[in-house]
Amino acid sequence: MGMTDPAALDVTLVDGYVDEPAHFGVPPYVSTYPRFTAGALVDAGVPAANITYHTIDELREERAKWADVADADLMVYIGGMTVPGKYVGGTPAEPDEVRELAWTAEGTSLMGGPIRFGVGDENAGAQEMERRDLDFDFVAKGDVEAAAHDLVNEDLGGFGNRVRDNAELDRWAHLGAFVVEQHPNHPDYLIAELETSRGCAYRCSFCTEPLYGDPSFRSAASVVKEVQALADAGVKHFRLGRQADILAFGGDGEAPNPDALERLYGGIREVAPDLETLHLDNMNPVTITEYPEKSRRGIEIIAEYNTPGDTAAFGLESADPQVKEANNLLVSAEECLEAVRVVNDAAGWRPEPNRLPKLLPGINLVHGLEGEREETYEHNRDFLQSVLDEGLMLRRVNVRQVMAFDGTEMSETGADIALEHKKQFKSYKRELRENIDNPMLQRVAPPGTVLPDVHLEYHQDGKTFGRQLGTYALLVGIPGERELGRTIDVAVTDHGYRSVTGVPYPLNVNGASMDELAALPGVGKQRAGDVVVNRPHETLPEMDGVDFDSFSVVGSFGDAD
């Protein structure tokens with residue numbers, strides 16, 4: 001059999017979505033995997049025009065697109081959840097759908113991504129994870145992009161399981177940026193996840209990140225070149241999410257390197273001056289406590305270049321010293337509190353009085369770890385209460401139960417502890433929502449806070465719900481059913497546990513609906529009726545205890561916003 005010319009190959013990439021400790025890939029996010037894989041294929045000689053990209057949601061909605069799966073010479077499936085979540089923008093592929101992809105593909109089929117760490121029976125936490133091959137010809141046990149590249153070089157006959165190196169990534173990352181143009185959310189409602197490094201210097205018992213080895217950092221120039229290619233392809237929203245610790249970027253894996261952060265962030269702003277979102281994900285609190293001066297400088301640089309509403313997720317995991325000891329966790333509750341103070345002080349400022357703060361910490365708590373006991377829940381509550389009592393801000397608190405993966409220490413204790421404590425976990429979670437999340441949200445986004453460019457996503461109970469693009473964006477409920485798929489500016493009027501209520505900003509008092517007016521703090525149904533009856537207003541109405549100035553304008557009569 002003769003060699004197949006790579007230039008003649010037809011490839012279909014199917015994105016079943018990924019979700020890892022340091023990697024979002026469920027829409028509106030697009031992960032690095034399909035982009036790097038496309039770049040690797042182009043580097044191996046496959047023309048960009050021969051590469052088709054589909055999300056699993058597209059295939060669900062349009063059966064006709066399965067022809068691209070059936071007819072491709074090579075079909076690459078990318079997916080895998082290593083952290084559990086609930087999703088609004090897309091639904092990750094279920095194992096049965098992945099199997100159907102393998103059966104449908106008449107050419108060679110390759111599966112890769114974090115799915116190699118295991119597949120549960122459903123996308124949920126507190127379960128044992130193992131990997132099944134789901135009937136694919138090949139499963140990449142190393143990097144799917146390296147496997148795709150080598151498979152093309154080997155005439156689709158096979159490949160060695162290997163990881164790609166940074167020199168390859170320097171070529172592949174920008175070469176594959178073009179596939180984002182085929183994403184159903186492109187260009188407006190799409191945020192590109194960017195990798196600055198992977199692997200971790202630390203070994204927490206439950207995390208899959210150390211399975212990638214010690215940290216290996218890309219150069220700032222490489223990331224900036226990729227951002228430029230993505231910006232040229234129409235992307236305006238970016239998240240530096242793929243790393244264990246943004247502060248360690250360009251250093252030895254532990255100590256911060258503020259100059260490298262300046263090159264990275266300054267460079268991104270230079271090549272994408274019109275970007276609308278620049279957020280990050282993980283920041284390690286241990287870095288802040290070990291290297292306070294350099295960390296503070298790094299945090300100040302990030303806050304200078306990022307966009308408001310950014311979150312630095314802190315993996316405290318547990319405030320219980322016993323659990324910390326048993327799982328090699330990195331910081332004590334007191335050290336984490338100090339890190340929270342530093343981020344609040346260096347980056348918690350608001351670019352305008354009615355905007356979200358630039359950068360705030362988020363706290364990750366994991367339950368079901370080795371050594372967990374009744375008191376663990378008390379320790380966690382006390383820690384969060386102390387943050388609240390000090391007047392500090394957290395952007396969000398993430399509480400989840402552990403998933404046990406092969407290769408992590410957790411695989412030995414499995415998910416037993418999490419299952420044992422499931423009942424207690426539920427009531428504790430509710431308590432945190434009421435006593436911590438709600439007052440914290442009022443502090444972070446007080447009434448009158450303006451959230452620009454909220455994407456309207458779905459209707460429920462006569463309201464429209466939407467979010468901004470970004471890290472852990474706030475869910476916003478707006479009175480009335482508005483047209484979906486559009487973006488509007490919203491002013492916050494009230495707070496739930498993890499979501500806010502708001503009205504279109506600025507609200508035209510002469511055109512607003514009763515429900516919108518009633519949502520303003522201090523107005524309510526009856527007074528909203530008074531505003532409507534007395535229209536048109538020449539100036540803003542005056543009512544005791546109501547701040548119309550922060551929310552509304554006097555527009556022409558009868559115009560809805």
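**Notebook entries**

I looked up R341 and noted that, at 26% relative accessibility, R341 counts as partly exposed, since buried means under 20% relative accessible area, exposed over 50%, and partly exposed in between, with a 1.4 Å probe and protein chains only. I keep in mind that this is a predicted model, in which local features need pLDDT of at least 70 and side-chain atom pairs count only at pLDDT 80 or more, while totals for chains, interfaces and linings use all residues. Residues are numbered from 1 along each chain as its sequence is written, and side-chain values use heavy atoms, with hydrogens and water left out.

**Salt bridges**

I found that R341 forms a salt bridge with E390, their closest N and O atoms being 2.7 Å apart; the term stands for a side-chain nitrogen of Lys or Arg within 4 Å of a carboxyl oxygen of Asp or Glu. This pair links distant parts of the chain, 49 residues apart, with R341 in helix α12 and E390 in the loop between α13 (374-389) and β15 (396-401). I wrote down that helices (H or I, at least four residues) and strands (E, at least two) are DSSP runs, numbered from the N terminus. E390 counts as partly exposed, at 38% relative accessibility.

I then turned to D345 and R296, whose side chains meet in a salt bridge at 2.9 Å, N to O. D345 lies in helix α12 (residues 333-347) and R296 in helix α10 (residues 292-305), and the pair, 49 residues apart, links distant parts of the chain. D345 counts as exposed because its relative accessibility is 54%, whereas R296, at 28%, counts as partly exposed.

R164 sits in the loop between α5 (144-153) and α6 (166-175), and D143 sits in the loop between β7 (138-139) and α5, 21 residues apart. I noted that both R164 and D143 are buried. I also saw that D143, E145, R164, E195, R198 and R242 are linked in a network of salt bridges, and that a search of the whole structure finds 32 salt bridges.

**The open sheet**

I traced an open sheet of four strands in the order β3-β8-β11-β12, with parallel pairing, where two strands pair if DSSP finds at least two bridges between them. β3 (29-30) and β12 (277-280) stand at the edges with a single partner strand each, so one side of each is left without a neighbour in the sheet. β3 pairs with strand β8 (residues 191-195) in the parallel sense over two bridges, and V30 stands opposite A192 in β8. Helix α7 (residues 220-232) packs on the sheet, touching β8 and β11 (237-242), and its direction makes about 165 degrees with that of β8. Here contact means heavy atoms within 4.5 Å, and axes are lines fitted to C-alpha atoms, for helices over the stretch in contact, with angles running from 0 to 180 degrees between N-to-C directions.

**The barrel**

I followed a closed barrel of five strands, β16-β17-β18-β20-β19, with mixed pairing, and its twist averages 55 degrees from one strand to the next. Which strands does β16 pair with in the antiparallel sense? Strand β16 (residues 450-460) pairs in this sense with strand β17 (residues 463-467) over five bridges, and with strand β19 (residues 487-495) over four bridges. H459 has T464 in β17 as its bridge partner, while H455 stands opposite T487 in β19. Five bridges join β19 to the antiparallel strand β20 (residues 499-504), and a hairpin of three residues connects β19 to β20.

**Backbone details**

I noted a cis peptide bond between H186 and P187, with omega about -5 degrees, and P187 is found in the loop between α6 and β8. Another cis peptide bond joins R535 and P536, with omega about 0 degrees. Phi of L156 is near 60 degrees, a positive value in a residue other than glycine, and L156 is buried, with a relative accessible area of 17%. E317, in strand β13 (residues 310-317), has phi near 70 degrees, a positive value in a residue other than glycine, and E317 is buried, with a relative accessible area of 10%.
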